[in-house]
Every structure is written in structure tokens, then in C-alpha cells.
Amino acid sequence: MQVALNNIESNFLPLWSAFAFRMQEQLVPKLQHCCSEEMVVYSNSILLHHQNQHLDMESPEPPFQATYKALFDDSNIDEKQTSDSHVFEVIEERELPVIDLSRLNCGEVEREDCKREIAAASKEWGFFQVVNHGIPREILEQMRCEQVKAFKRPFREKVTDEGLNFSVGCYRWGTPSATCLGQVSWSEAFHVPLADVSGLGGLTSTLSSTMEQFTTAVSDLAQKLAEILAEKIGHNSTFFKENCLPSSCYLRMNRYPPCPISPGVFGLMPHTDSDFLTILHQDEIGGLQLVKDGKWIAVKPNQEALIINIGDLFQAWSNGDYRSVEHRVVTNKLAERFSTAYFFCPSYDTIIQSCVEPSVYRQFSFGEFRKQVQEDVKRFGHKIGLPRFLV
Ligand SMILES: O=C(O)CCC(=O)C(=O)O
């Protein structure tokens with residue numbers, strides 16, 4: 001079966017998103033066709049016929065090796081790793097600034113100190129960690145447990161959106177448009193619009209109620225942080241309450257399978273987030289890296305903390321004061337890794353306008369921003385993002 005592949009991007013991760021869109025195009029038939037695979041469907045057993053190999057679609061593992069076989073064959077991995085080593089080179093492992101949010105409930109001096117630290121880290125790093133954040137440990141653990149279960153479903157179910165009842169295209173894996181190993185994201189994800197979460201029934205009820213509890217808790221935290229960040233740039237505003245509703249936000253559950261050619265391929269390609277801010281819960285494996293002072297640094301995992309990072313919209317809204325910083329995930333040869341990201345987004349018609357004049361960026365709607373990102377990815381293969389909106 002032959003399916004047209006349009007290179008169209010959606011929300012946050014351009015290359016992945018192209019895949020998601022393709023999935024939407026393939027509602028009938030519902031299995032993906034990327035590269036030169038042929039899909040063969042046998043009553044209960046669905047096999048992917050790939051260059052003379054049959055892949056067991058009942059296994060949970062996405063067929064990375066088979067799908068990217070041509071790219072593996074094209075490159076001598078050892079040579080490739082050596083020549084690309086500068087791309088993966090990390091200068092050091094650092095702990096991000098850790099901010100104790102319990103001080104927000106203390107006296108004025110401590111509260112103000114805490115707010116100052118949040119703003120300072122957002123300006124200097126674009127990233128920080130929060131402890132005593134108020135999200136109960138049980139909710140985080142339950143979320144992780146349900147996430148692991150969702151990824152353990154057969155690949156066939158994940159890729160056909162069977163059973164989980166998410167909207168079409170929520171499940172993503174790899175990078176269909178990759179033309180070399182350096183462009184592959186060795187990971188799978190459920191990228192779920194939160195408008196979809198409530199009311200999911202059937203098999204997914206535990207997952208959906210866990211997601212609801214998780215997102216309710218983290219959305220309160222996101223609102224609180226956004227209001228502090230607004231206040232610290234002189235903007236006491238109801239903007240976030242009015243525009244960033246639970247239904248306009250997204251949750252992404254990530255899984256990074258062990259990667260036999262690590263570190264020759266990314267778990268997630270370098271990117272910035274197209275939101276106001278992101279709240280990330282990661283496990284103890286590590287792999288997240290970010291750019292600090294022009295160099296990639298590895299983030300030391302802290303199991304007590306949630307990671308917060310500033311997205312493109314806050315950078316624009318703050319006129320460049322808060323920084324949306326490029327980040328990526330590197331693979332691990334032996335261990336699988338999980339993370340859960342909550343993207344704090346406004347509705348599409350929300351106007352993003354710097355609160356200071358003269359403004360570095362022209363005003364734009366979130367919908368316009370996303371559309372431009374989609375067009376750029378379609379045209380150039382990658383997101384351009386905020387530089388497009390410079391005055
Ligand atoms: O898994 C991580 O540590 C980062 C995830 C991420 O950057 C994303 O989902 O956009």
C-alpha cells in the first residue's frame with residue numbers, strides 16, 4: 001500500500017510532528033508507511049514487511065533498526081561517531097539551579113527571594129528545578145506507572161491509536177523525514193492535547209484519570225510560575241489565567257529505548273519548546289542536555305525535583321528577558337528512560353505581544369506562530385521559530 005507523505009509539522013517537535021501528520025493522513029489504512037516499507041495485514045497478526053524482514057507488530061518496540069536500516073547501511077557507525085563526536089560532545093554535567101518553592105508560603109522576605117531566584121534562573125539559564133513543588137509523589141509515581149504500561153502495548157496498537165482512545169496521531173516515534181542518522185530521534189511518545197484527556201473511556205480509564213490528576217496538579221504549578229515570572233518583569237497580569245486554559249495545554253509522555261549505537265544518535269533532536277513554559281518530570285537515567293553559554297551541558301537528574309524551562313512564547317512576551325533555550329536528549333546504550341512533559345500553552349487565537357517597548361518581536365497569535373513553524377519545517381526541514389518574528 002502506498003501512502004502519500006507530506007512533510008508537515010505540528011506543535012513542538014518539527015520532525016516528529018511531520019510523522020504525526022502523516023498518521024492523520026493514514027486513517028484508512030491506519031498503519032504508517034515510511035521509507036519503502038510495505039504493510040501486510042494478516043487477520044490478528046500484523047506484520048511489517050521491510051526489506052525482506054518481517055517485524056513483529058505485537059512487540060512493543062518501534063522498529064528503529066529496520067526502519068533506519070538504509071541510514072545504518074549508509075554510514076560506517078564507528079567512523080560516523082568519530083566524525084560527529086563534536087556534535088555530541090558535552091563539556092560537563094551540572095545541576096540546574098534548584099529552587100525551593102515552599103518559601104512561597106513563608107514570610108515576605110523569603111517569598112520575594114524565591115520569586116527573584118525564579119526570574120534570575122529564567123533569564124540566565126532558561127531552565128531551573130523546583131523542589132517542594134506541591135505535586136504529591138504518589139501522583140508522579142502513578143503517572144509514570146501508567147505511562148510505562150501505555151508504552152508496553154504492542155506497537156500495532158500504539159501506531160493505530162487502538163485501545164488508548166487518544167486522537168489520531170498522538171503516538172509518534174523516530175523521525176520519518178530523517179536522511180541521516182544525525183537527524184533521527186531514537187524515542188517514542190504520546191503527545192496528547194489535554195482537551196482530549198477528560199472523558200476517555202474503556203481500556204484507558206486508569207491512564208486518563210491519572211493524566212487528569214497529574215495535569216490538574218501541574219497546571220496549577222504552571223499558572224503560579226507564570227504569574228511570578230510576569231510579576232518580576234513588572235506585569236501583574238491575568239493574562240495566563242485567561243488564555244492558558246487546561247484545554248489548550250499538552251502532555252507528552254516520552255520513552256527513550258536503549259540504543260545500540262548510542263551516542264551516535266539523539267534520543268530527541270535539539271529544539272526549543274513552542275509554549276510559555278514546560279514542566280518536566282524525568283526518571284533517574286539522565287540524558288537531558290541544554291545549551292549554556294554556547295556549550296552543551298548535561299543535566300544531572302534530581303529525583304526530588306521537577307524541571308521547568310522557558311518556551312518561545314515567554315521569550316517573546318518578556319521581550320527576550322526570559323530565555324527559551326535549546327535542549328536535546330541523548331541516548332543510552334543499556335537503559336530505557338522515561339519523561340513526562342507538560343506544555344503550558346494558550347489558545348490559538350491568543351495574541352503574544354511583548355509587555356515592553358520597544359519590542360524585539362512583532363506581535364503574533366499562537367496559531368500564527370504554529371502555522372509558521374509548520375511551514376518552515378515543511379520547507380526547510382527544521383523549525384526557525386522566534387527569529388521569524390523579529391521586528
Ligand atoms: O525527555 C526529556 O528530558 C526532554 C523532553 C523534551 O524536551 C520534550 O518532550 O520536548
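Which residue in E16 is the bridge partner of Tyr 250? It is Phe 343, and the views below show where this pair belongs. This is a predicted model, in which local features need pLDDT of at least 70 and side-chain atom pairs count only at pLDDT 80 or more, while totals for chains, interfaces and linings use all residues. Residues are numbered from 1 along each chain as its sequence is written.

**View 1. An open sheet of 8 strands with mixed pairing.** Its order is E5-E6-E14-E11-E16-E9-E8-E7 (strands, E, are DSSP runs of at least two residues, and helices, H or I, of at least four, numbered from the N terminus). E5 (98–100) and E7 (171–173) are the edge strands, each with a single partner, so one side of each has no neighbour in the sheet. E9 and E16 pair in the antiparallel sense over 7 bridges (pairing takes at least two DSSP bridges).

**View 2. Helix H6 (residues 108–124) meets helix H9 (residues 205–232).** Their axes come within 9 Å and cross at roughly 85° (axes are lines fitted to C-alpha atoms, for helices over the stretch in contact, and angles run from 0 to 180 degrees between N-to-C directions). The two helices are therefore roughly perpendicular (65 to 115 degrees). Among the contact residues are Ile 118 of H6 and Leu 225 of H9 (contact means C-beta atoms, placed from the backbone, within 7 Å).

Methods
Angles under 35 degrees count as roughly parallel, over 145 as roughly antiparallel, 65 to 115 as roughly perpendicular and the rest as oblique. Two residues are in contact if their C-beta atoms, placed from the backbone, lie within 7 Å.
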